[in-house]
Amino acid sequence: MCGIVGYVGHSAGRVNTGHNALDVVLEGLRRLEYRGYDSAGIAVVADGTISSRKKSGKLSNLIAELDASPLPESLTGIGHTRWATHGGPTDQNAHPHLADEGKLAVIHNGIIENFAELKLELTRKGVTFLSETDTEVAAALLADIYRNQLGGDSANGGLTKAMQLACQRLEGAFTLLAVHADQPDVVVAARRNSPLVVGLGDGENFLGSDVSGFIDYTRRAVELGQDQIVTITADTVEITDFYGAPAEGKEYHVNWDPASAEKGGFPSFMEKEIHDQPDAVLQTLLGRSDINGRLTLDELRVDPELLKNVSKIIVLACGTSAYAGQVAKYAIERWCRIPTEVELSHEFRYRDPIVDENTLIVSISQSGETMDTLMAVRYAKEQGAKTVSICNTNGSTIPRESDAVLYTHAGPEIAVASTKAFLAQITAAYLLGLYLAQLRGNKFQGEIKDILADLNKIPAKIQQVLDNEEQIKELGRSMADAKSVLFLGRHVGFPVAMEGALKLKELAYIHAEGFAAGELKHGPIALIEEGQPVFVVVPSPRGRDSLHAKVVSNIQEVRARGARTIVIAEEGDEAVKAYAEHVFYIPETPTLLAPLLSTVPLQIFALALASAKGYDVDQPRNLAKSVTVE
Ligand code: F6R
């Protein structure tokens, strides 16, 4: 939550790189806007003063403000795009917040938990506050330390020292960036439990909440650890801990292309990302098995003996990623015979869970920064569990703090509502399940090879679903007035139903619920009235356990009560036609793998319906892509 950018370019007297801080910071904010869009603001240091602009609403409002009232050219700047926590999304609460008589500007991502007590202390010293934010308190604390404790003397450690001392007093989660008019060539940043990455340029350096904040300028990035301070100038990057002890950052190369974070001719990132899905699944599968159908997950780097002894798996995730976990549970239990629980990360550590050294924690997170999941993983590690992360964001915190990582290779996901990351997560979880089955001997090699062969056919089948998207788009557009839509599924179709409902809630702001079809008669069927739209995810008629027949009965039950039924079924399933007003066919595939196909029409439906209502599908209201607060 909240996007942060910092930039320092060449100082006077050296070859100018030609980058005006304002342009660099604005470009970074444009790419990071998915992290929050309640307000945006920028501060630059020029001619010995700080100049800043900030505006509530989306970045476009700030750009309009900058057009009306331009900022001076500068080589040092910071910028922020906000997801509101303390204080509403107003101009006044927007970042940057100024202190030290306007000479210091601060931006922040996270929550400072002891802000109230610090505010009281500073108020007693005579500080007045203009906003309701915790950030302004951090700015005032920094200013107080810089001016009153260090004498406002850059020889005394200046802003870096002040930041170290301030961080020693702050509690909670934060990334802070500060610039001071006294040190025009410097940006100082601090990180505790919130993301921050350094970008290394040639005669210029960058800071970003993630690499997209500077991807247009450099692919060289440096990971920061927890509780670290970084001071950047155009030519130097110095890292310390909160007590001034020098620290090392780990440099890595960003291997995605800036073009992959563009819309590529689609009207929205979401639509583009839905269309990226064949490739997202393909990339996640690539290089992870050999021609004999043996899984080669060498990257996992967990002692195979440990994995053989796992007695329980707990999948930790939130939202869409948790639904990916629920799909994984069906597959892992079937293939590996290991009891698998799926738990929402934020519930996990507050219920005294039973975890020991034979428990394998599998966290699933697109961003790798979700605070709820990070905290749950840390808790599980403290209890002695082994932790594996399934993650889409290279170098992010959750994989770094886990014992092992299986990256999904979906590429950058910019639209706030997750699509391609979901399919890639399910794919990675299947690979993990098959790997465990291989290690533990639960499946013959031939069986694993067959499942892998089915998995390898999935990208082309997703493409087939996409090629028929017009039919589902049309339905979505025609239902723009719907007030409520229900989704039913059984077995792996249940998490798919919940994901379909979540997509509709977050994009179209209408009531939507996903139910286990078998649960209907235990209560939810009371919701059905004449004309109520109900999507039903129907399992393959070729599957076992008469699952198909059960779901067809559920369709009949809701139809008998007036529901308008829309069915996602497997090609060739003629039986469902009699009970559905609309049928969308997906290619034949084994039941356990079907979520990789049946989810896609539901994503397209939500996209089309929300677009017909005129909503911004990339940036739905009240949401942010990366949820870095608990
Ligand atoms: C919904 C969505 C969210 C995320 C959730 C977890 O479309 O995107 O529900 O899935 O916030 O985020 P990650 O996967 O980054 O941990």
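**Exercise 1.** State where the ligand lies relative to domain 2 (261-465) and domain 3 (468-623), and why.

*Solution.* Domain 2 (261-465) and domain 3 (468-623) both contribute residues to the shell around the ligand, so the ligand lies between them; the domain bounds come from an automatic or database domain assignment. The model is predicted: local features need pLDDT of at least 70, side-chain atom pairs count only at pLDDT 80 or more, and totals for chains, interfaces and linings use all residues. Residues are numbered from 1 along each chain as its sequence is written, and side-chain values use heavy atoms, with hydrogens and water left out.

**Exercise 2.** Describe the shell around the ligand by helix and by class.

*Solution.* Begin with the helices: α9 (319-336) and α16 (493-508) each supply at least two shell residues (helices are DSSP runs of H or I, at least four residues, numbered from the N terminus). Then sort by class: the shell has 5 nonpolar, 8 polar and 2 charged residues, where Asp, Glu, Lys and Arg count as charged, Ala, Val, Leu, Ile, Met, Phe, Trp, Tyr, Cys and Pro as nonpolar, and the others, Gly among them, as polar.

**Exercise 3.** Find the distances from polar side-chain atoms of Ser367, Thr370 and Glu506 to oxygen atoms of the ligand, then the share of the ligand that the protein buries.

*Solution.* For Ser367 the distance is 2.7 Å. For Thr370 it is 2.5 Å, and for Glu506 it is 2.5 Å. A polar contact is a pair of N or O atoms within 3.5 Å. Taken alone, the ligand exposes 410 Å², of which the protein buries 89% (Shrake-Rupley method, 1.4 Å probe).

Terms used:
A polar contact is a pair of N or O atoms within 3.5 Å; within protein, one must be able to donate a hydrogen and the other to accept it, and residues adjacent in sequence count only if both atoms are side-chain atoms.
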